[in-house]
Amino acid sequence: MIDIHSITKTFAGGIIVLNDVSLTIRSGELLALLGPSGSGKTTLLRIIAGLEKPDRGAIHFDATDATRLSARERQVGFVFQHYALFRHMTVFENIAFGLEARPRASRPDKGEIRRRVEQLLELVQIGFLADRYPSQLSGGQRQRVALARALAIEPKLLLLDEPFGALDAKVRRDLRRWLRHLHDTLGITGVFVTHDQEEAMEVADRVVVMNQGRIEQADTPTRIYDHPASAFVYQFLGNVNTLACRVVHGVVETEVGLTLPVAEYATLPEVPGNLFIRPHDLELTPVDHPGSFPVILEHQAVLGASVRLDLRALSGQRLEAELTRARHNQLTLQRGDRIGVRPLRAQLYLAGDVPAAAFGNHQGREIVPLDP
Amino acid sequence: MRTGVLPGFGLTLGLVMFTLSLLVLAPLAGIFIKAAGLSGEAFVAKALNERALAAYRLSFGAAAIAALVDVIAGVLVAWILVRYRFFGRKVIDALVDLPFALPTAVAGIALTSLYAPNGWLGSRLLALGVKVAFTPLGIVVAMVFIGLPLVVRSVEPVLQDIDSEVEEAALTLGASRTRVFRRVILPALLPAMLTGFALAFARGLGEYGSVVFIAGNMPGISEIAPLLIVIQLEQHDVAAATAIAAVILVVSFTLLILINTLQVWRRRRIDP
């Protein structure tokens, strides 16, 4: 178990990269640090590895205080985004590096090193590349070498910094499934950094969503998707339409012409807020259908199994809707059509001074309008 | 042949061959033609006598030692310039090029007055029993001085290019600082160090201006080969001068080809 306790890190120029971050990583889990660039996720990973020193805070690896240990002493496997392979060494020599760097007393003999490296080459499925140099490999192969090299020192903890960031989409998808499989085989504790929410949701046991040097939410992918802890998390997990709104005596009023009743807020006089609707939660209706608002269809794009519609409300605001191919085929839509849309589900976050405890504002409020 | 973005390969190649022939090949060929006029015995007498052999040994030996010192010192200087940000870094950066810009005679006078037995440094070194000026050691000092910028400027860009992540990777794999340097940084720098060595060696071998001031020029002891050529010319023995020149040319050319081959071999291991 790794215990990260109130880590704060400031870079030159006074930029606070990590602001009082605490996190517990359980043994054997695969954890994703997810956030936009500049959220501090890579810095947190580097601090765990000992490549960066925190200004304040402590890190414990099980019972030992690792805060003052150097990267070398922590025995943590680290995989860099751009692989950081040793260019003048063969794949074999790269992987053997960590074993050969051990102090004489614990260093395996030559035959044992060879056996272990061959095992690792087999594990990452690149045995046939042992004598090549990194410049002769593809991106995906290099990443496998980097992974095998990190695993060679038998780390208790494996850290991966945007491991698939530099790869193309297809290789990326294959490799992340394979990583998940590898993790399940080895049972090693793993932390990886990504800015791709799909990747985090698909691969990780738990996802830690970070924003501006803070942890917004740390939970299982399902819980994060279903119960986002903040407006930021809701927005970051996938596409979302954001409608500025006002809540007046229990009714949400938006500029696009949508009104929704929220009985719980009946006592509030007038509060501004934001209403979030996922594209797949927008249902197409005839114009003037009760509970809907009118939009103009500007563009439709077929994306495999689904169709994305670009819509413009009468107020000029652009929205996005997503529907299945089957549903799309029923509708026979034309560009420039006037149609109605209504939310099947929406999430309301109030801005300004609202007593958070009373209204659960930070969590937002889910609204499921009934079809009138 | 691959055509680049810019046209005119034929024209540029022609121009290159023309200038190269005019500036480099023709004069060198001249030396051989002139030297070939000598009979075998005359050649040996003029270019391979006791005094000339001593001069070759001194020139090649001192240039090699100086180039070696330059490589070590040059890597250190480049390391500091690339890896650290400190007050006065820009000044040091500019100072590195000074031996380049200085007329070699000025460098020779400056070094001689500094290292002479009554000089500021020379007198102190003499007290320790080390004589620098007017000895082979003085020659090495002058060659080190003029060769240093070549190594620094060869190594610097390569050092800048070394990804700090590669070092971090080695650290996380449990390597000590010395191991990171020996196994990760040094192999990456080696081709550049070889280039620097070759350049400094060539420069030291050809150096005349600064060396003659500090050398003392005692035949057989501190007389460098280029000086021997000048002496022969002053005595109007052009044949002897070209014979010595031919020997130097052949040896340096062989050495440079050797160093180049070594480099190509190293590079091929990294970027096949």
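Predicted model: local features only at pLDDT ≥ 70, side-chain atom pairs only at ≥ 80, totals over all residues.
## Chain B

Taken along the principal axes, the C-alpha atoms of chain B fill a box of roughly 65 × 65 × 30 Å.

## The two domains of chain A

In chain A the domain assignment gives domain 1, which covers residues 2–229, and domain 2, which covers residues 239–367. The centres of these two domains of chain A, taken over C-alpha atoms, are separated by 39 Å.

Where the domains meet, 4 residues of domain 1 of chain A are in contact with 6 residues of domain 2 of chain A. The area buried between domain 1 and domain 2 of chain A is about 440 Å², and carbon and sulfur atoms give 28% of that area. On the side of domain 1 of chain A, 82% of the area buried against domain 2 is supplied by Tyr225(A), Pro228(A) and Ala229(A), which is more than any other three residues supply.

## A sheet of four strands in chain A

Chain A holds an open sheet of 4 strands in the order β2-β1-β4-β5, and the pairing in this sheet is antiparallel. Its edge strands are β2 (15–25) and β5 (64–65) of chain A, each of which pairs on one side only.

Within this sheet, strand β1 of chain A, residues 2–11, runs antiparallel to β2(A) and is joined to it by 7 bridges. One of the residue pairs that can be located here is that of Ile2(A), whose bridge partner in β2(A) is Ile25(A).

Strand β11 of chain A, residues 241–248, pairs in the antiparallel sense with strand β14 of chain A, residues 270–277, over 8 bridges. In this pairing, Val248(A) has Glu270(A) in β14(A) as its bridge partner.

β11(A) also pairs in the antiparallel sense with strand β12 of chain A, residues 251–254, over 4 bridges, and here the bridge partner of Cys245(A) in β12(A) is Thr254(A). The hairpin of β11(A) and β12(A) has 2 residues between the strands, and His249(A) in this hairpin takes a positive phi near 45 degrees.

## The interface of chains A and B

Between the chains, 25 residues of chain A are in contact with 20 residues of chain B. Together chain A and chain B bury about 2,200 Å² between them, with 58% of it on carbon and sulfur atoms. In chain A, the residues that lose the most area to chain B are Arg72(A), His88(A) and Phe97(A), which together account for 28% of what that side buries.

## The second largest pocket

The second largest pocket has a volume of about 460 Å³. Its lining is made of 20 residues, and those that lie nearest its centre are Glu167(B), Glu168(B), Leu171(B), Arg177(B) and Val180(B). Both chains take part in this lining, as the elements that give two or more residues to it are α2 (71–74) of chain A together with α3 (50–83), α9 (164–172) and α10 (177–206) of chain B.

The largest share of the lining of the second largest pocket comes from α10(B), with 5 residues. By residue class, the lining of this pocket divides into 8 nonpolar, 5 polar and 7 charged residues.

Methods. Residues numbered from 1 in each chain as written. Chains lettered and ligands numbered in written order. Heavy atoms only, no water. 1 Å grid on protein atoms, 1.4 Å probe; cavity = no way out; pocket = protein on both sides within 12 Å on 5 of 7 lines; lining within 4 Å. Points joined across faces, edges and corners; volume = space filled by probe spheres on them. Nonpolar A, V, L, I, M, F, W, Y, C, P; charged D, E, K, R; others polar. Pairing = 2+ DSSP bridges. Domains from an automatic or database assignment. Contact = heavy atoms within 4.5 Å. Buried area = accessible area lost by both parts, 1.4 Å probe.
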